[in-house]
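Please keep the sequence and the structure open while reading.

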Amino acid sequence: MQNFEFQNATKIIFGKDTEHKVGQESVPFGKKLLLHYGGGSIKKSGLYDKVVASLTEQGIEIFELGGVVPNPRVSLVREGISLCKEHDIPFILAVGGGSVIDSAKAIAAGVKYDGDVWDFFTGEAHVSDCLPIGVILTIPAAGSESSAGTVITNEDGLYKRAMGHPSMRPVFAILNPELTYTLPPYQTACGITDMIAHILERYFTNETHVDLTDRLCESTLRTIISNAKTALEDPTNYHARAEIMWSGTIAHNDLLSTGRIGDWASHDIEHEISGIYDIAHGAGLAIVFPAWMKYVYQHDINRFAQFANRVWDVEIDLYDIEKTAREGIKRFEQFLQSIGMPITLTEVEIDETHFKEMAKKATERWELGNFVKLKEEDVLQIFHLAK
């Protein structure tokens with residue numbers, strides 16, 4: 001087990017009707033804020049009115065910036081930075097899913113910087129501080145509500161890049177599972193896939209003697225898997241929605257990373273797909289992750305066999321451990337298909353046109369991953385496996 005320091009300062013406010021607390025949670029950070037959100041869904045659902053009422057009750061002046069889209073764009077981030085600087089706004093409230101929260105984080109970092117915010121994503125500059133951020137989560141998926149990172153897409157060149165800093169962790173996150181009742185099944189499934197991928201990126205490690213976090217990863221995976229079907233078939237089942245929502249936060253708040261070195265190659269590879277083709281991140285991960293598994297599983301067949309046995313209840317064949325490992329990957333694919341996710345690029349009408357470009361862009365800064373280091377040719381082979 002590796003040495004580690006764990007600190008997550010995000011205050012989690014979980015449960016029914018908790019969105020009404022947003023005013024009292026926000027007011028300690030100033031008397032004005034930027035309300036950041038996506039399309040019209042929070043207005044159609046009535047959440048917008050509840051948020052505005054709670055903030056107004058506390059005498060908070062509201063500046064609005066909507067329009068966040070999936071795979072959030074740096075152009076809107078720049079607009080938010082200008083707005084915050086112009087009006088000296090001290091606090092950002094993100095109401096939405098991971099895309100909205102990531103956009104808010106990038107704005108919060110950019111306000112404290114005199115250069116262009118994209119410098120943080122290219123490594124030309126590094127975040128040292130950012131504005132405080134609050135969250136009302138409406139889409140459990142990205143785990144951005146208590147993580148220290150953000151992912152933004154630059155329309156110039158179609159680059160999708162990540163960066164992070166501890167100051168990016170939201171100061172509070174309001175999680176009401178009822179707010180997820182109206183999510184379309186496909187969006188729910190994409191979120192489930194994203195949180196599973198966050199766990200798997202941590203699970204496949206070369207670190208030994210990490211029994212506790214292995215079991216925590218496996219337990220969280222099994223919780224998500226066992227509640228997925230219920231949430232999709234019965235969208236207003238509070239208990240299933242609650243289990244999934246909390247699992248999504250645990251999946252990416254760094255608790256499951258303690259003492260181990262994760263991989264993250266699959267996320268980096270998927271970023272190239274959604275950066276160019278603008279598909280849902282969860283759908284891209286459903287395609288990339290099984291292909292990555294097929295490419296690397298022989299590196300540590302025992303870990304893949306453990307995954308098969310403990311997560312998918314595959315009986316370990318001591319005479320053919322590789323068969324066990326392959327069966328685990330197969331059952332993972334079958335689960336993804338069962339919740340409506342694609343598992344090949346063909347299913348989302350992506351051909352080989354940009355394979356070489358994506359492989360090059362994915363590895364132009366450094367080799368990907370830790371479980372197995374991947375170069376450009378390796379990534380290209382994974383794209384072919386994903387066809």
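**A walk through the model**

Glycine 262 sits in the loop between helix 9 and helix 10. The model is a predicted one. With a relative accessibility of 14%, glycine 262 falls under the 20% cut-off and therefore counts as buried. Apart from residues up to four places away in sequence, glycine 262 touches Glu201, Arg202 and Asn370. Tyrosine 203 is 59 residues away from glycine 262 along the chain, yet their C-alpha atoms are separated by 6.9 Å.

The loop between helix 9 (238-251) and helix 10 (265-277) also holds tryptophan 264. Its relative accessibility is 26%, so tryptophan 264 counts as partly exposed. The backbone of tryptophan 264 has a phi near 75°, a positive value in a residue that is not glycine. Most residues other than glycine have a negative phi. A second case is aspartate 313, which is not a glycine either and has a positive phi of about 60°. Aspartate 313 belongs to the loop between helix 12 (301-312) and helix 13 (321-338). Is aspartate 313 buried or exposed? At 52% relative accessibility, aspartate 313 counts as exposed, because the cut-off for that class is over 50%.

Two packed helices are described by the angle between their axes and the distance between the axes. For helix 7 (residues 185-203) and helix 8 (residues 211-233), the axes come within 10 Å and cross at roughly 170°. Angles over 145 degrees count as roughly antiparallel, and helix 7 and helix 8 are therefore roughly antiparallel to each other. On the helix 7 side the contact is made by Pro185, Thr188, Ala189, Ile192, Met195, Ile196, Ile199, Leu200 and Tyr203. Helix 8 contributes Asp214, Cys217, Glu218, Thr220, Leu221, Ile224, Ile225, Ala228 and Leu232. Sorted by class, the contact between helix 7 and helix 8 has 14 nonpolar, two polar and two charged residues.

Arginine 215 is also in helix 8. Its relative accessible area is 48%, so arginine 215 is partly exposed. Between the C-alpha atoms of arginine 215 and leucine 256 there are 9.5 Å, and the two residues are 41 residues apart along the chain.

Leu200 of helix 7, one of the residues in the contact with helix 8, is also in contact with methionine 293. Methionine 293 lies in helix 11 (residues 281-296). At 0% relative accessibility, methionine 293 counts as buried. Setting aside neighbours within four places in sequence, the contacts of methionine 293 are Leu200, Phe204, Phe304, Phe307, Ile329 and Phe332. Valine 22 is 271 residues from methionine 293 in sequence, and 42 Å separate their C-alpha atoms in space.

The next pair is helix 10 and helix 14 (residues 355-363), whose axes come within 9 Å and cross at roughly 125°. That angle makes helix 10 oblique to helix 14. The crossing of the two, helix 10 and helix 14, is right-handed. Glu272, Ile273, Ile276 and Tyr277 of helix 10 make the contact with Glu357, Met358, Lys361 and Ala362 of helix 14. Here the classes are five nonpolar, no polar and three charged residues.

Which hand does the crossing of helix 4 and helix 5 have? The crossing is right-handed. Val77, Gly80, Ile81, Cys84 and Lys85 in helix 4 meet Ser103, Ala106, Ile107 and Gly110 in helix 5. This contact has five nonpolar, three polar and one charged residues.

The C-alpha trace spans about 70 × 45 × 45 Å along its principal axes. Of the 387 residues, 56% are buried. Among contacts between residues at least 6 apart in sequence, 78% join residues at least 24 apart.

Key. Residues numbered from 1 in each chain as written. Predicted model: local features only at pLDDT ≥ 70, side-chain atom pairs only at ≥ 80, totals over all residues. Heavy atoms only, no water. Left-handed = near helix turned anticlockwise from the far one by under 90°. Helix = DSSP H or I, 4+ residues; strand = E, 2+ residues; numbered from the N terminus. Contact = heavy atoms within 4.5 Å. Nonpolar A, V, L, I, M, F, W, Y, C, P; charged D, E, K, R; others polar. Buried < 20%, exposed > 50% of the residue type's maximum accessible area, 1.4 Å probe, protein only. Axes fitted to C-alpha atoms, helices over the stretch in contact; angles between N-to-C directions. Parallel < 35°, antiparallel > 145°, perpendicular 65-115°, else oblique.
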